[in-house]
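Subject: A structure for you to explore

Hi there,

Here is the structure I promised to pass on. Please open it next to this email, and then read on for what turned up.

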Amino acid sequence: MSITPLTAAPSTHRTAPLFRGRIGRDARSGHYAVPHRYRLHLSTACPDGLRLAVGHSLLELDTSCPVDLLPAVPDQPGGGHTALRPLYEASAHHHTGPALAPVLSDDWSGRIVSTHAPDILRDLDLFRCDGDARLHPHGLETVIEAVERMCAEGVEEAAQRAGRAGADPAERAAALDVLLDTLGRLERRLTAEEYLVDDRLTAADVELWVALVQLDTVHRCHLDAAAVHRIADHRALWAYARRLTARPAFGRHVDLDGIARRHHGRCQGLEAAGAAVQILDWAGHAADGSDASRR
């Protein structure tokens, strides 16, 4: 598959990580892929936390790498979590900034390995012995990274600019054009294929699915109804989102109430008419998948 990012520049949609250790990449770090050693701390109301929760479930790491769920709305200024403060203080002397999630911690040392979600998701692959089950299969890394940039720049950042309160109308229209062009390119791919890359489920699908969750539950609240209808008109793309949501590894992590509370707690923008035009019934499709898994 040939997917190119919208620009060659790195995405800026994530906060620069304070910690960026890696598992199994540097022998001097002592961070080896040992089961029952590491722990994830995340909120599924946060896009990065949702990506990690889905990837963790797809890799079936419940026993080898436990997850501590955090509240949807951080309880400290700057988006920090009280529960993470001891880890930050043990890992960075006199840390004064917010204790942000997500975090991958080392239970052996009581310190943080990484706060960089893309690296964490890649390193979770190391706990799987079966190469075919990995989210970043060998040889597909470049394509998956291109999809990540496409989702960051062409979906999430473009949607934010298209709905930004007080922005010049021409700037908002140009951002909407970028968003619709990106969705159109993805639509053409998913009209013919079930997954984005190499006819298998990979991290690229996790990235796009989370971007679509954010687009429908957060960004559309700041778009007009006409724009949301144009977004919803990508039938193959939203059918793909429905299929993935019906899989328990995806759907059971959708916390609509948490996403809404987190959004309202952070957002300073104005609600637009698109808020009333829900594209997918995320909770309903997730419940359908849960019912099917029990039969």
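Let's start with a pair of helices. Helix 6 and helix 8 are roughly perpendicular to each other. Their axes cross at roughly 105 degrees and come within 10 Å, and an angle from 65 to 115 degrees counts as roughly perpendicular. Keep in mind as you look around that this is a predicted model.

Which residues make the contact between these two helices? From helix 6 come Asp 205, Leu 208, Trp 209, Leu 212, Leu 215 and Asp 216, and from helix 8 come Leu 237, Trp 238, Tyr 240, Ala 241, Leu 244 and Thr 245. Sorted by class, that contact of helix 6 with helix 8 has nine nonpolar, one polar and two charged residues.

Helix 8 spans residues 235–245 and is mostly covered, with eight of its eleven residues buried. Among the buried ones are Ala 236, Ala 239 and Leu 244.

You can follow the pairing strand by strand:

- Strand 1 (residues 38–42) and strand 2 run parallel and are joined by three bridges; Leu 42 has Leu 69 in strand 2 as its bridge partner.
- Strand 1 and strand 3 run antiparallel, joined by four bridges; here His 41 is partnered by Val 103 of strand 3.
- Strand 3 and strand 4 are also antiparallel, with three bridges; Ser 105 is partnered by Ile 112 of strand 4.

Is strand 3 covered on one face or on both faces? Both faces are covered: Val 103 and Ser 105 are buried on one side, and Leu 104 and Asp 106 are buried on the other. In the hairpin of strand 3 and strand 4, four residues sit between the strands, and Gly 110 takes a positive phi near 75 degrees.

One last thing to check is the cysteines. Cys 151 is buried, with a relative accessible area of 0%, and Cys 221 also counts as buried, at 10%. How many disulfides does the whole structure have? The search finds zero.

Enjoy exploring!

Methods
Residues numbered from 1 in each chain as written. Predicted model: local features only at pLDDT ≥ 70, side-chain atom pairs only at ≥ 80, totals over all residues. Heavy atoms only, no water. Buried < 20%, exposed > 50% of the residue type's maximum accessible area, 1.4 Å probe, protein only. Disulfide = S-S within 2.5 Å. Pairing = 2+ DSSP bridges. Axes fitted to C-alpha atoms, helices over the stretch in contact; angles between N-to-C directions. Parallel < 35°, antiparallel > 145°, perpendicular 65-115°, else oblique. Contact = heavy atoms within 4.5 Å. Nonpolar A, V, L, I, M, F, W, Y, C, P; charged D, E, K, R; others polar.
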